[in-house]
Amino acid sequence: MSAAPSLPKKLNRAGLEIIPYRGSKTTLCAGCGHNSITERLIEAFWELGVEPWRVAKLSGIGCSSKTPAYFLSQSHGFNAVHGRAPTVATGTLLANHQLMCVVVSGDGDTASIGIGHFMHMLRRNVPLIYVIENNGVYGLTKGQFSATADLGSKLKTGTVNQLHPVDCCLAGIEMGATYIARSFSGDKRQLSAILKGAIAHNGLSIIDVISPCVTFNDHEGSTKSYAWMKDHDEPLHEVDFVPSFEDISVEIEEGESRVVRLHDGSRLLLHKLERDYDPSNKIHALEVLHEAERRNEVLTGVIYVDRNRPNFTEMLDLVDQPLATLPEARVRPTRAVLDQINEEFR
Amino acid sequence: MQASRMTPPLSAAHSTQFVRPDRVVNDFSIQVATVNGSGSQTANNVLMRSIFQMGVPVSGKNLFPSNIAGLPTWFTIRASSQGYIGRKKEVDFVVAMNPETAREDVMNLLPGAAAVYDAPLKLNELRDDLHFYPVPFDALVGPVCPDAKLRKLVRNMIYDGVVAHLLGIDLEQVRKALFKQFGERKRKAAELNWGAVTAGKDYAEQHLAKTDPFRIEPMDSTAGKLIIEGNTAAALGCLFAGVTVLTWYPITPSSSLAEALITYLARFRRDPETGKATYAVVQAEDELASIGMAIGAGWAGARSMTCTSGPGISLMSEFVGLAYYAEIPVVLIDVQRVGPSTGLPTRTMQGDSFSNAFLSHGDTMHPVLFPSSPEECFTMAQEAFDLAEFFQTPVFVNMDLDLGMNNWMSEPFPYPEKPIERGKVLTAEDLERLGGFARYKDVDGDGVPYRTLPGTPHPKAAYFTRGTGHNDNATYSEREDDWIKGVDRLARKFETLRSRAPQPEAVDAPNASIGLICTGTSRYAVEESCDQLSREYGIPASRLRIKAFPFSPSIGEFIDRHDRVYVVDQNRDAQLLMMLRLELSPERIARLRSVRYYGGLPLDARTVTDSIVSQEGL
Ligand SMILES: Cc1ncc(C[n+]2csc(CCOP(=O)(O)OP(=O)(O)O)c2C)c(N)n1
Ligand code: SF4
Ligand SMILES: [Mg+2]
């Protein structure tokens, strides 16, 4: 019996199969929106050929924050404390600003306990990808309202939310993040393109993904359920991502699409739906979000991109080599310097 | 008696049997009472430096309110020919510039003390057993400072001239100290202030007849020494430790440490070719963020640190537990102040020994270093980084406000002899050779595992860091045996650290049956108290200064050599004593006694001596 010729394995630009981009088996509920987001992250990193060792994955605490264990098994991961992954990720980038950092967070994580750190991360435009797996509830502590729960939405117990929701995209635009998008875990194509755009972007990306919790917030009366999203998802545009390494000239019909050039030469193509939308206009971005809220719609797509604002590690004017691996000669001043300092205090 | 908002740091308790000699040379204390925000700090530092430059050992203690301007503040300079630089309770020579406290400042003096005061206050009417020197400061300041706006600041320099004349301080030294204080760039301001010093001196020469016994005479005990604040020294320690990431949130008394470090980093840690920074500093949004960032940086391989005080430590608790359990190096410098809550934010205390050693929930234990001098701030900051990186754990450095914010004489700082310790970090080449690694495995039997840094270009480099239960391979585990194995190894690691941490310094007195144990700045009072016990009571007393937790076994041996051992604490709850009790045998515990002070001022020898004398039944 002759051995059947094995099929050639599919490799990406980095010469890797998809396996190292996967992680351990998920322990989340079947059907949880978070699992779909994990899938999209795996695809995006693999398809763009990002070498896993260049990536650091961080998270807080929650069902969402468990997911970094489920993708990029060859990347360092850090499941930190509830709400404070922005600080740990910032520190990570201080030590090594060449890393690509991806943070996965929950809505409780981001909009409640960690909102202070979230705001300051926005102000600093820390160069990382911040994914909010937004289900309107605390999944891991069994279904309490989170601060992104919409006015009037109902818990399984019948309790109605009377408080105004925190809109992380609005906050992101106002406070200084430079790539802001909203998506839905069930929209494979859109989410994939948005994530790739974030990987190519140089600065802080905030990606607020409505990600239904099938166990605690997928019932009638919830505004973060699959059913609700089916009826209320209002895409701003259709999004395509063209990576820098794909030498494709894209036919753009005048007035039909917008091209957003990203830091590494990649392009986002935003195809017009009902109206033309310019994601570089901050005031307009705020306006459409407020408008959508008034109409009870969930606006999705690339909402705002600012390619000019320097990011945090650029502002710090760091040497090229990561601080983490600077040799002693570059971090310990000389004997002459100490002599000089001693003299100053004599 | 007029009520003041702050009680001056002295009492006239044992005034009855007090007799003063005719001449008191280089052994007395000067206290300047002013209002904060009036620029008196410069005048006080110049005065202290002048005495120092005359070769006389000095120390300076600033007692200031938690306020920016307008409240009473006292600066005490102690000259001590024997080199005692702890606080001395009694004030011998007061400069009463603050009308609000002047009355009390003078009423509290012992008979025979001297008082320079602002003439309109007429303090001489209060008592007839002091040496009074009225000075019309307002009348003197006008001619030397035409600019009315500057007079409030320049006015204070006048007392430097008056005091220098009365005490016999070499005016040339005052001039030198003053110009050093102002620096080259502020020469004009220095000239203006020098005019005020001279005016004070001239006035004193012409109008004041010296009647008090206090004098400063040249000695040769300060040559080569520095005068420096502990916070600056600690900042320099971090600089030479090769710190690469500093994250902080402003809080007294630690802010000046961060600010000094920022200044030095900017001066000495820019790449000579590109001008770019070999460090990162972030003023975080709060202490949760500063420790979070420092931990993230430590995880990714930086020499990272934060500095704070008690309230900040309280906020850092959860994160420190994570760093302990996930095994991440980070240095925390705690410049302790009086708490809980805001407490007395500008007063000193050794109040965080317990909380830092055991910070966070669950089974946690952290090394704590206890520097006692600027020199130790410098060396221990470096040791802290080396320990943190070798042992992959948070390391605390417990300073206090007295050490951090007061001026101290110090030996010049020694250039570090040892290379920087980066610990067990595997590179891609190591991984290639080893074929992989298990993050939390005790390979060497010392409890210290190997780690890799994010960004290491090797498929086997990655591991998953978490505060949740994990096994040797850093895999999620809720198994009982994995948990126990993990925390037992952490305990073993702590044992290894015990012998690597700075060891105690013991001085055994011949035939001593009692001993004193202390940490940090308590040493000055303890050293002086041992001399007082032997000189005044004929009791020889040994002393041991602990430099680190976990405690060295030699502490137990010291206790064995003495019948009774007094543990000196600058807190109400005898925190150091309690920590010792956790580790010692019942026989040794039975020998321990407690000396505690918790009023917020730097500990003084008399308090220690009095407590021991009373407990010894003398
Ligand atoms: C300091 C602290 N407080 C509370 C908790 C308990 N806790 C764990 S996860 C969580 C909320 C998670 O909600 P979310 O961030 O929305 O994530 P999800 O599980 O919904 O994905 C809470 C409150 C904790 N881990 N730490
Ligand atoms: S509880 Fe909700 S959020 Fe958590 S895993 Fe299940 S479905 Fe997902
Ligand atoms: Mg949630």
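Which polar side-chain atom lies 2.9 Å from an oxygen atom of ligand 1? In this predicted model, where local features need pLDDT of at least 70 and side-chain atom pairs count only at pLDDT 80 or more, while totals for chains, interfaces and linings use all residues, that atom belongs to His34(A). Residues are numbered from 1 along each chain as its sequence is written, chains are lettered from A and ligands numbered from 1 in the order in which they are written, and side-chain values use heavy atoms, with hydrogens and water left out.

Ligand 1 lies between chains A and B, and a polar side-chain atom of Asp107(A) is likewise 2.9 Å from one of the ligand's oxygen atoms, whereas Asp109(A) places a backbone N or O atom 2.8 Å from an oxygen atom of ligand 1. Of the 590 Å² of accessible area that ligand 1 has on its own, the protein covers 77%, areas being computed by the Shrake-Rupley method with a 1.4 Å probe.

In soluble globular proteins, nonpolar side chains tend to be buried together.

How values were computed:
A residue is near a molecule or strand if one of its heavy atoms lies within 4 Å of it. A polar contact is a pair of N or O atoms within 3.5 Å; within protein, one must be able to donate a hydrogen and the other to accept it, and residues adjacent in sequence count only if both atoms are side-chain atoms.
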